[in-house]
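Hi there,

Here is the structure I promised to pass on to you. Have a look at it first, and then read my notes below.

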Amino acid sequence: MIVAFSITPLGVGEGVAEPVARAVKVVRDSGLPNRTDAMFTTIEGEWDEVMAVVKRAVDAVAEVAPRVSLVLKADLREGVTDGMTSKIESLERHLS
């Protein structure tokens, strides 16, 4: 499963880098394959482990923000591993 998610701390003013960094740290410390860009963090693994990481990331932000918004998109496909990398490689082959 691949999950792309975005956590937005609300009620902390305009500077959200520190609360968001707390969430990204949780993801990176999880040991699961992940990638962060300007809009989303993407993580790959089994349902229970991925969703547990998302919950811990939300909880980390909630420790410093009175309200948290979560946007999540999931690609559930049995038997696929390394989907984050293989999807990009397939795209790149078609661009060549």
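In this predicted model, the largest nonpolar core has 16 residues. Those that touch the most other members are Val-3, Phe-5, Ile-7, Ile-43, Val-50, Val-53 and Ala-57. As background, nonpolar side chains tend to be buried together in soluble globular proteins.

Leaving out residues up to four places away in sequence, Phe-5 touches Val-27, Phe-40, Thr-41, Ile-43, Val-54, Ala-57, Leu-70, Val-71 and Leu-72.

Is Thr-42 buried or exposed? Its relative accessible area is 19%, and the cut-off for buried is under 20%, so Thr-42 counts as buried. Beyond its neighbours within four places in sequence, Thr-42 is in contact with Ile-2, Val-3, Ala-4, Pro-33, Asn-34, Arg-35 and Met-84.

Finally, turn to the surface. Which residues form a nonpolar patch there? They are Ile-88, Leu-91 and Leu-95, with about 300 Å² of accessible area together. Leu-91 belongs to helix α3 (residues 83-95). With a relative accessible area of 45%, Leu-91 is partly exposed, because that class lies between the 20% and 50% cut-offs.

Enjoy exploring!

Best wishes

How values were computed
Residues are numbered from 1 along each chain as its sequence is written. This is a predicted model: local features need pLDDT of at least 70, side-chain atom pairs count only at pLDDT 80 or more; totals for chains, interfaces and linings use all residues. Side-chain values use heavy atoms; hydrogens and water are left out. Buried means under 20% relative accessible area, exposed over 50%, partly exposed in between (1.4 Å probe, protein chains only). Contact means heavy atoms within 4.5 Å. Patches are made of residues with over 30% relative accessible area and no salt bridge: like charges are joined within 9 Å, nonpolar side chains (Val, Leu, Ile, Met, Phe, Trp, Tyr) within 5 Å. Accessible areas come from the Shrake-Rupley method with a 1.4 Å probe; for residues, only the protein chains shown count as cover. A salt bridge is a side-chain nitrogen of Lys or Arg within 4 Å of a carboxyl oxygen of Asp or Glu. Helices (H or I, at least four residues) and strands (E, at least two) are DSSP runs, numbered from the N terminus. A nonpolar core is a set of buried Ala, Val, Leu, Ile, Met, Phe, Trp, Tyr and Cys residues joined through side-chain atoms within 4.5 Å.
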